Amino acid sequence: MIEKNSPLKQGILSGLPIALGYFPIAIAFGALAGQAQLSWLEAVLMSALVFAGASQFVAVSLLLVGTGPLQIITTTFFLNMRHLIMSLALNDKMRGFPPAWKQGLSFFITDETFAFLTLGEGESNHQRPPVFMAGLMVTAYLGWVSGTLVGGVGAHIIPPQITTAMTVGLYGLFIGLLVPSAKKSRPFILVAVLSMVINWGLGHWIESGWAIVIATVLAAGVGVPLGGGWE
Amino acid sequence: MKIFLLILGMTLVTYLPRLLPAIFLDRFEFPGWFKRWLKNIPYAALGALIFPGVLLVDQEQPLLGLLGGLSALGLSLLNLHITLVMAGSICTVLLLQYFLF
């Protein structure tokens, strides 16, 4: 029995929108993995161990054109450098958690879980307990892994239009988390908009994974002397 | 076997950047400017994740992603719950796909 309104239950409820957003996209991933000659078990194993949507899609796309494993692993590494920055910011919110919890929860950092735990439900100044974070993250994780299973065993029940619409839903998640938090403070708005502009500009010249990392580091830095994030 | 090693390699290089701050962060007490930088990270990261990525949701129709994003912006300015913002942007795109594109 889960106690009513327990942090675990709240975490699971907060993770549901992410899980629902992940599910159809994971089905698409599972289906694509099948085209790249991965068995459903390998596709599910990749989702369960890697848990990074963009990297997995890139990896499978590269497999399809015959790229070697070392190149794929290197690409994955650079694509996920942004999680280093996100993990820094999230672990700052987890100060005081037992080390094993922090190391475990850090495995589940994605763009979406990070967004939710730093801007959404996690924005309040009192620290969320580890079980809340675990509930949210594991719920999102199960959405991703179970969707991969459904797509991998060949149930192509989701038409591409739905996948496109659900991808917009994940952007809706980002926007819906960013806007209400940012509009409370002008420096935050400036940091977010500046980051968009830098990312867009850099995207013409360098690989998008790096553009996001550099834009994030620079725009957050510009916000420092502006007093952004200082209470 | 090749695929299995690939998955293990990817696991390593995706978990490592996530894990390192969990191990090292507590050993340092950061100066004020660094803490302010950390507090700005979510806003900067979300900005970069949203744009221009939202335009690429449908590679052939950047307008579709743009309008889906703008509907999310409008709904979030109304302080609606995050689930409704997501649902609203999804419905906008489904309707646009059905009637326009």
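Start with handedness: helix 5 of chain A and helix 7 of chain A cross in a left-handed sense. Bear in mind that this is a predicted model. Helix 5 covers residues 81-93 and helix 7 covers residues 111-118. Their axes come within 10 Å, and the crossing angle is roughly 35 degrees.

Who touches whom? From helix 5 of chain A we have A:M86, A:A89, A:L90 and A:K93. They meet A:F114, A:L117 and A:T118 of helix 7 of chain A. By class, that contact has five nonpolar residues, one polar and one charged.

Now the two chains. On the chain B side, 59 residues are in contact with 77 residues of chain A. Four helices of chain B each give two or more residues to that side: helix 1 (2-24), helix 2 (32-50), helix 3 and helix 4. Helix 1 of chain B has the largest share, with 18 residues. The class count for the chain B side is 39 nonpolar, 14 polar and six charged.

Last, helix 4 of chain B, residues 82-99. How far apart should its ends be? At 1.5 Å a residue, its 18 residues should span 26 Å. The end C-alpha atoms are 26 Å apart, so the two agree.

Which residues of this helix are buried? In helix 4 of chain B, they are B:I82, B:V85, B:M86, B:G88, B:S89, B:I90, B:T92 and B:V93. What covers them? The cover includes helix 3 (62-77) of chain B. It also includes two helices of chain A, helix 1 (7-35) and helix 9 (160-182).

Key:
Residues are numbered from 1 along each chain as its sequence is written. Chains are lettered from A and ligands numbered from 1 in the order in which they are written. This is a predicted model: local features need pLDDT of at least 70, side-chain atom pairs count only at pLDDT 80 or more; totals for chains, interfaces and linings use all residues. The expected span of a helix is 1.5 Å times one less than its number of residues. A residue is buried if 20 or more other C-beta atoms lie within 10 Å of its own, exposed if 12 or fewer, and partly exposed in between; C-beta atoms are placed from the backbone. Two residues are in contact if their C-beta atoms, placed from the backbone, lie within 7 Å. Axes are lines fitted to C-alpha atoms, for helices over the stretch in contact, and angles run from 0 to 180 degrees between N-to-C directions. A crossing is left-handed if the near helix is turned anticlockwise from the far one by less than a right angle, and right-handed if clockwise. Ala, Val, Leu, Ile, Met, Phe, Trp, Tyr, Cys and Pro count as nonpolar, Asp, Glu, Lys and Arg as charged, and the others, Gly among them, as polar.
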